Amino acid sequence: MAEGQFKTGIAAARLSPAQYAENFSDLHPPLDHHEALVEADRCYFCYDAPCMQACPTSIDIPLFIRQIATGNPLGSAKTIFDQNILGGMCARVCPVETLCEEACVREAAEGKPVQIGRLQRYATDEAMQRGRQFYERAAPTGKTIAVVGAGPAGLAAAHRLARHGHDVTVYEARPKSGGLNEYGIAAYKSTDDFARAEVDYVTAIGGITVLNGKALGRDIHLDQLARDFDAVFLGMGLAGVNALRADGEDADGVANAVDFISELRQASDLAGLPVGRRVVVIGGGMTAIDAAVQSKLLGAEEVTICYRRGQEHMNASEFEQDLAAANGVTIRHWMQPKRVIAEGGRVSAIELEYTALDGDRLTGTGETLTLAADQVFKAIGQSFVPAALNGSGAVVELERGRIKVDAEGRTSMPKVWAGGDCVADAREDLTVAAVAAGRDAAESIHRALMG
Amino acid sequence: MADIRNDFIGIKSPNPFWLASAPPTDKAYNVVRAYKAGWGGVVWKTLGEEGPPVVNVNGPRYGAIWGADRRLLGLNNIELITDRQLQLNLQEMKQVKKEWPDRALIASIMVPCVEESWKAILPAVEETEADGIELNFGCPHGMSERGMGSAVGQVPEYIEMVARWCKQYTRMPVIVKLTPNITDIRYPARAAKKGGADAVSLINTISSITSVDLDSFSPEPSIDGKGSHGGYCGPAVKPIALNMVAEIARDPETRGLPISGIGGVTTWRDAAEFLALGAGNVQVCTAAMTYGFKVVQEMIAGLENWMDEKGHRTLADVIGRATPNVTDWQYLNLNYVAKARIDQDLCIKCGPASMSARWKAASRWCRWRPGNSTSAPASPSRRSTPTGRRTRTTRWRGWRPNKACSVLCALEARDCDHVRRPSSPCRALLPVNGEK
């Protein structure tokens with residue numbers, strides 16, 4: 001039986017410490033001062049800039065880039081934070097290739113957009129490394145607000161509310177704050193414990209109390225919060241993971257991709273994190289890519305993503321798909337899991353069925369393929385768990401399985417707002433969209449309370 | 001193959017590219033390097049009179065401004081004339097000329113504005129076998145405070161007087177180098193001609209302060225916390241130089257006076273433009289300082305290639321070809337209409353959103369973008385007034401000019417139905433020209 005890198009089964013320490021360090025270093029290294037100036041000069045300072053319109057948080061991108069170009073990175077950071085207090089993380093994780101950089105006129109002109117994401121990181125890093133805070137709290141209003149979930153939506157809401165002088169208590173189920181920034185982002189996108197540093201930076205404004213280990217429906221209850229606080233913001237994200245609905249998915253070695261990613265992010269020593277020799281990831285979104293690429297980087301020999309539709313249907317951006325391919329991940333389309341084959345209770349292979357579109361309906365063709373696998377990750381989407389609303393489900397109306405909100409983020413329940421992935425109209429479940437939702441709901445709460 | 005051999009007031013060089021009198025021509029070592037790189041001629045760094053040479057500042061002598069792409073746009077210097085002994089320069093010049101007989105070698109001279117000084121230095125310069133002399137009446141910094149350089153060039157009577165002395169005391173052709181730091185370049189040019197000068201060269205550098213250090217509040221270049229205006233040159237001054245060359249070329253009083261064109265020549269294209277406006281050759285400094293002596297090879301090959309493509313056999317086919325097209329505003333054809341059509345497939349849509357925002361576009365390089373309207377814009381109807389001024393009567397709606405078109409909009413931002421040069425960086429803009 002082979003040892004080390006080619007050890008069969010799910011094993012740790014496939015690589016040398018140096019390889020782990022190299023594999024999980026920054027995906028997009030920060031721009032140095034000169035690089036930032038050169039890149040900033042490429043911006044045309046467009047009027048009605050398409051990049052700005054493409055940004056869910058509407059950051060004044062031409063302005064912040066011009067501020068970098070003119071030697072004012074702190075002013076640039078403020079321009080970013082004015083619209084998006086989590087601009088540092090968004091600079092790292094935004095799929096800019098489908099947002100601002102896709103809209104960049106230099107993408108249209110030359111196929112080479114201004115590197116908006118990296119410039120944003122340059123400016124925000126500058127401010128955060130210098131510990132520069134740009135906002136002061138308004139005079140205390142005496143109003144108290146509960147925020148459920150310390151993820152991007154909750155943090156953005158909390159910061160904006162604290163700025164307005166309200167006292168905010170954030171309840172977070174997990175031991176650390178940051179939500180998916182802390183638990184759900186590929187490690188090479190957020191190095192050096194940036195998620196924690198950002199939480200500290202955001203909460204440094206004051207007036208925000210974060211209580212970790214407090215889950216809605218277990219430790220706290222919505223009706224109680226609504227009674228105790230002047231307003232409640234729900235930003236608890238998606239706790240559920242969709243099932244494969246394939247035979248044998250309970251076998252050892254079948255796991256949720258989000259749990260794997262979270263475990264990886266929290267691992268103090270990557271060498272201690274076991275991964276299969278042959279890994280199959282089921283799904284076609286960013287989570288599938290993150291799980292597949294990181295499996296490969298942990299030393300898996302063979303990693304295959306299987307997606308039940310075509311390449312053009314994948315939720316993962318083209319950049320992410322290329323990233324997977326560049327890391328040696330095979331992406332196979334038009335096949336759905338049929339049966340997990342186990343030996344002695346442990347997964348040994350997965351049987352997939354080819355699919356085809358019959359009109360709008362996806363059907364199996366009957367032809368199957370068996371891929372050897374000692375680890376299978378499910379990445380076929382996450383779902384909202386309404387049980388957490390703890391009996392108030394009848395009051396907080398749902399829509400398509402998530403919380404229904406109006407344009408300002410108000411739920412059907414008085415005094416309760418919601419935003420981020422847990423709401424029905426969450427745009428593509430993006431960090432940046434969650435930030436926008438949290439920020440805007442905070443403004444709505446502020447207006448309602450101070451009316 | 002085009003023949004780019006140059007005969008400027010009888011001074012022959014294999015091409016029309018001379019190095020201007022400046023730091024790169026300060027000594028034999030550099031001049032030989034320049035000749036080896038291919039320069040057709042060299043104007044030696046300005047000589048002063050016999051005796052202790054001038055002393056330069058030890059601090060920085062240059063200030064600069066750069067474009068957004070970090071390329072040098074303008075350079076400013078506070079260096080004086082040569083700080084070497086006159087005899088050393090003369091010896092080296094003689095030696096270099098002997099070794100490079102096919103290249104032009106010009107002596108630039110700046111001595112006090114008294115007849116004896118000029119009478120004394122000219123025979124010594126003649127002894128070097130240099131092909132000609134250039135009178136430095138141009139430097140705006142340092143030497144002008146001592147009554148030389150631009151202090152002379154700003155007084156037409158002095159120019160005429162000194163030019164006459166030089167013609168009297170030497171057989172060498174005399175080129176008068178003009179300062180642009182005056183109101184009307186035609187007066188010093190006329191004075192040079194009246195004094196008998198064989199040619200003028202222009203422009204010398206422009207009085208300037210390139211920047212201010214916002215920590216120390218010292219102008220740049222900063223010498224121990226203080227600065228002095230320096231001479232500005234480089235690509236940024238080219239438009240000023242082109243106009244001054246054209247002004248002299250088309251002035252009835254100086255028409256036909258040979259001109260050596262100087263000011264921001266960086267590529268063959270710049271040189272061709274100077275020639276077209278009436279310059280008999282060009283002198284270069286900043287481009288050589290920025291990119292090295294080798295730039296001349298691009299200039300030579302580019303000029304030859306363009307002349308071949310256009311069927312210009314010799315430089316004479318090019319020189320002055322644009323001069324007749326420079327005219328006074330009053331003679332411009334007010335019935336000429338030029339409009340732009342936008343190729344919407346190529347437009348990258350970077351422009352301002354509304355007509356009212358059009359002025360925003362004024363200061364930038366132009367682009368046009370289509371607005372909400374999907375059809376091509378109707379021509380704005382125009383009405384001529386008896387005085388020839390026209391009034392705009394309709395406004396385009398939904399069409400947005402931007403950036404690249406600003407070269408036009410910059411002049412008249414309210415009225416943007418102009419056309420760009422075909423060389424506009426905007427690829428979406430298709431010029432449609434013609435008589436109304």
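Trainee: Which residues does B:Ala22 touch, not counting residues up to four places away in sequence?
Mentor: B:Ala22 touches B:Lys45 and B:Cys285. A contact here is two C-beta atoms, placed from the backbone, within 7 Å.

Trainee: Before I go on, what kind of model is this?
Mentor: It is a predicted model, where local features need pLDDT of at least 70, side-chain atom pairs count only at pLDDT 80 or more, and totals for chains, interfaces and linings use all residues. Residues are numbered from 1 along each chain as its sequence is written, while chains are lettered from A and ligands numbered from 1 in the order in which they are written.

Trainee: Back to B:Ala22: where does it sit?
Mentor: B:Ala22 is in the loop between strand 3 (17-19) and helix 1 (28-37) of chain B. Helices (H or I, at least four residues) and strands (E, at least two) are DSSP runs, numbered from the N terminus.

Trainee: And is B:Ala22 buried or exposed?
Mentor: B:Ala22 counts as buried because it has 24 C-beta neighbours inside 10 Å. The rule is 20 or more other C-beta atoms within 10 Å for buried, 12 or fewer for exposed, and partly exposed in between, with C-beta atoms placed from the backbone.

Trainee: How far is B:Ala22 from B:Tyr35?
Mentor: Their C-alpha atoms are separated by 15 Å, and the two residues are 13 apart along the chain.

Trainee: How many bridges link strand 9 and strand 10 of chain B?
Mentor: Three, and strand 9 (residues 174-177) pairs with strand 10 in the parallel sense. B:Ile175 has B:Ala199 as its bridge partner in strand 10 of chain B. Two strands count as paired if DSSP finds at least two bridges between them.

Trainee: What about helix 5 and helix 6 of chain B, at what angle do they cross?
Mentor: Roughly 25 degrees, and the axes of helix 5 (residues 156-169) and helix 6 (residues 186-194) of chain B come within 7 Å. That makes the two helices of chain B roughly parallel. Axes are lines fitted to C-alpha atoms, for helices over the stretch in contact, and angles run from 0 to 180 degrees between N-to-C directions. Under 35 degrees is roughly parallel, over 145 roughly antiparallel, 65 to 115 roughly perpendicular, and the rest oblique.

Trainee: Is that crossing left-handed or right-handed?
Mentor: The crossing of helix 5 and helix 6 of chain B is right-handed. Right-handed means the near helix is turned clockwise from the far one by less than a right angle, and left-handed means anticlockwise. Among the residues that meet there are B:Ile159 and B:Ala163 in helix 5 and B:Tyr187 and B:Ala191 in helix 6 of chain B.

Trainee: Moving to chain A, how many helices and strands are there?
Mentor: Chain A has 17 helices and 19 strands. Of its 451 residues, 49% count as buried. The C-alpha trace spans about 65 × 55 × 45 Å along the principal axes of chain A.

Trainee: What joins strand 5 to strand 19 of chain A?
Mentor: Three bridges join strand 5 (residues 231-234) to strand 19 of chain A, and the two run parallel. A:Trp417 in strand 19 of chain A is the bridge partner of A:Phe233.

Trainee: Last one: at what angle do helix 4 and helix 9 of chain A pack?
Mentor: About 60 degrees, with the axes of helix 4 (residues 61-69) and helix 9 (residues 116-129) of chain A 10 Å apart. These two helices of chain A are therefore oblique to each other, and their crossing is left-handed. The residues that meet include A:Phe64 and A:Ile68 in helix 4 and A:Leu119 and A:Tyr122 in helix 9 of chain A.
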